[in-house]
Amino acid sequence: MCGIVGYIGNREAYPIILNGLKRLEYRGYDSAGIALYDGTNIQMCKTKGKVSDLESKVTSDISTAGKLGIGHTRWATHGIPNDVNSHPHYSMSGDLVIIHNGIIENYASIKKELIKRGYIFKSETDTEVLVNLIEDIKIKEKVKLGKAVQIALNQVIGAYAIAVFDRNKPDEIVVAKLGSPLAIGIGEDEFFVASDATPFIEFTNNAIYLEDEEMAIIRLGREVRVRKIKGDQLVDPYVQELQLNLEQIEKGGYEHFMLKEIYEQPTVIKDTYRGRLLADQGIIKLGGLEDYIQKFVNANRIIIVACGTSWHAGLVAEYIFEDWLRIPVEVEYASEFRYRNPIITDKDVVIAISQSGETADTLAAIKLAKQQGAFVYGVCNVVGSTISRETHSGTYTHAGPEIGVASTKAFTTQITVLTMIALKLAKVKGTISKSNYMMHLRELELIPSCVEEALRSDEKIKAIAEVFKDASNFLYLGRGYNFPVALEGALKLKEISYIHAEGYPAAEMKHGPIALIDDQMPVVVIAVNSNHYEKVVSNIEEIKARQGKIIAVVTEGDTSVKELADYIMEVPKTSENLSPLVTTIPLQLLSYHIAVMLGRNVDQPRNLAKSVTVE
Ligand code: M6R
């Protein structure tokens with residue numbers, strides 16, 4: 001949940017690292033720091049706050065010259081966010097300097113031993129313990145930095161992506177990975193290190209993604225040497241050609257990444273089905289699925305594991321899969337699943353959904369399912385991410401980089417992929433009629449234009465946001481396919497505006513939440529055309545009878561709800577099964593505008609980080 005960047009080469013390291021940290025700030029933003037080797041010494045600057053705070057501090061505090069450096073943007077785990085706990089951390093002698101993304105779980109016992117051996121600690125972090133352990137081993141065993149790192153990592157329990165260098169050997173950086181991502185950019189006589197490839201995309205398209213339990217010694221004038229941390233054997237690294245471009249990771253004229261990403265949805269949904277959905281021919285082609293169709297079709301059960309918004313996409317998939325495929329589906333919070341001794345057999349298929357492909361809980365759930373013999377299929381956005389590699393097979397969403405912490409386009413592209421999987425499998429299994437299958441292929445193809453149309457209500461939604469921006473609570477209600485959308489709408493509002501919001505199945509309201517309704521309570525109801533329409537209208541009547549303020553998402557041309565609701569947000573008509581792909585759009589916009597009006601940091605809401613790589 002932190003971002004790390006490093007550079008070694010012939011350019012000035014500071015601007016590369018600073019810019020890299022800005023791009024990685026989505027991973028954590030409570031403190032930041034940088035260490036540069038100036039030719040003789042290490043220059044270090046760290047601060048609580050954002051990368052922009054670091055930038056203001058750096059120029060007055062240190063010299064920024066140097067062709068070797070490392071930087072860090074933090075999401076605190078051990079020790080409060082302050083200057084001292086910020087990374088990088090020195091070893092006690094001041095020779096070694098380290099950045100770390102992850103958690104060293106057994107740091108307390110190692111620290112105790114090191115204190116006995118005379119080590120003094122300045123911070124409360126597990127990372128300072130690690131760098132001193134490395135130093136201690138280096139001195140005690142009289143080994144080089146790479147070996148000392150390797151020995152140290154064999155003694156620690158936890159997760160890490162680290163980069164460390166020695167001021168007495170300023171031609172190399174040693175990096176290692178377990179559980180947190182680490183990419184090495186390979187340039188001409190220069191190397192980059194980062195939590196993802198965005199910090200170096202304008203310099204090189206060639207990258208090595210370290211696997212878990214691998215480390216690399218990156219030395220100028222030499223090829224990157226990768227080896228196993230346990231067992232020591234050398235690994236022939238796969239140099240991947242990156243498909244990223246700079247435009248994809250910039251705001252492109254939008255005020256926030258979140259808004260840009262909301263508006264990208266028509267394009268990225270199309271990108272996600274392009275070449276896979278051939279509606280005219282009645283074909284869905286999903287490379288990752290072809291060899292495993294029988295596994296799915298013969299499964300006793302499908303278990304979906306995910307967190308947050310991805311979990312909501314999983315809930316939508318539950319409705320779709322059970323309706324079309326007639327296989328029981330369970331949707332599990334990965335964080336609960338991994339710890340509750342679940343019953344999993346080799347007749348189960350597990351689908352893991354994750355935008356980042358790095359979420360620690362989802363990853364742990366996958367490992368557990370694999371150990372117990374289940375086949376695990378991934379739906380990830382980030383190519384080459386840990387989850388995409390840990391799963392037996394999978395399908396990528398093609399959402400492009402999602403930078404805003406609030407997930408938007410990941411949700412709709414995940415549903416797009418899951419819909420294609422369900423349709424394809426249902427056709428093979430014979431549980432969907434040909435006409436229904438063909439109708440949904442065509443409907444899915446039309447979704448991007450429906451989303452475009454839904455986006456046209458933006459100004460109207462902004463006006464509704466103005467009315468309700470000062471409310472302290474919101475209720476979101478939906479039924480059937482749109483119950484998960486109600487949950488997702490509430491999550492979006494909570495995380496970026498800090499207004500309390502709850503999502504509920506509309507019929508469940510009577511069993512408790514209805515007590516909350518009074519003339520101060522805005523209730524967002526998804527009331528589009530569906531099998532439940534009449535029932536939802538009754539729920540709206542119940543809210544109205546208690547003076548609740550009704551903001552309804554309705555199908556264009558609706559008349560009944562229009563008469564009852566205080567405000568309406570219209571979306572075009574779609575098939576009920578696909579409706580979450582459009583009903584979620586006004587809810588994303590509503591949260592976005594409320595958060596902006598309240599002056600919140602929309603792209604980097606407090607206490608959150610984009611990828612949750614710790615438990
Ligand atoms: O990268 P993942 O999809 O695995 O992330 C899961 C959640 O952490 C994520 O969806 C989170 O809930 C978002 N902030 C929601 O907007």
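A: Domain bounds come from an automatic or database domain assignment. The model is predicted, so local features need pLDDT of at least 70 and side-chain atom pairs count only at pLDDT 80 or more, while totals for chains, interfaces and linings use all residues. Residues are numbered from 1 along each chain as its sequence is written, and side-chain values use heavy atoms, with hydrogens and water left out.

The largest pocket draws at least three lining residues from each of domain 1 (3-243) and domain 2 (254-455). A pocket is an open set of points on a 1 Å grid over the protein atoms alone, where a 1.4 Å probe fits and protein lies on both sides within 12 Å along at least five of seven lines; lining residues have an atom within 4 Å of a point. The volume of the largest pocket is about 970 Å³, counted as the space filled by probe spheres set on grid points joined across faces, edges and corners.

Its lining has 44 residues, and those nearest the centre are Leu244, Gln248, Asn381, Gly400 and Pro401. Two or more lining residues come from each of β15 (239-241), α6 (257-263) and α7 (265-273), with α7 giving the largest share, three residues. These elements are DSSP runs numbered from the N terminus: helices (H or I, at least four residues) and strands (E, at least two). By class, the lining of the largest pocket holds 15 nonpolar, 17 polar and twelve charged residues. Nonpolar means Ala, Val, Leu, Ile, Met, Phe, Trp, Tyr, Cys or Pro, charged means Asp, Glu, Lys or Arg, and the others, Gly among them, are polar.

The second largest pocket, with a volume of about 690 Å³, takes at least three lining residues from each of domain 2 (254-455) and domain 3 (456-615). Of its 34 lining residues, Cys307, Gly308, Thr309, Leu491 and Val612 lie nearest the centre. At least two lining residues each come from α10 (308-325), β20 (348-354), α12 (360-371) and α17 (483-497). This lining divides into 15 nonpolar, 13 polar and six charged residues.

The ligand is surrounded by 15 residues, the closest being Ser310, Ser354, Ser356, Thr359 and Glu495; a residue counts if one of its heavy atoms lies within 4 Å. Ser310 places a polar side-chain atom 2.6 Å from a ligand oxygen atom. An N or O atom in the side chain of Glu495 is 2.4 Å from an oxygen atom of the ligand, and a polar backbone atom of Gln355 is 2.7 Å from a ligand oxygen atom. The protein buries 91% of the 410 Å² that the ligand exposes when taken alone, by the Shrake-Rupley method with a 1.4 Å probe.

Methods. A polar contact is a pair of N or O atoms within 3.5 Å; within protein, one must be able to donate a hydrogen and the other to accept it, and residues adjacent in sequence count only if both atoms are side-chain atoms.
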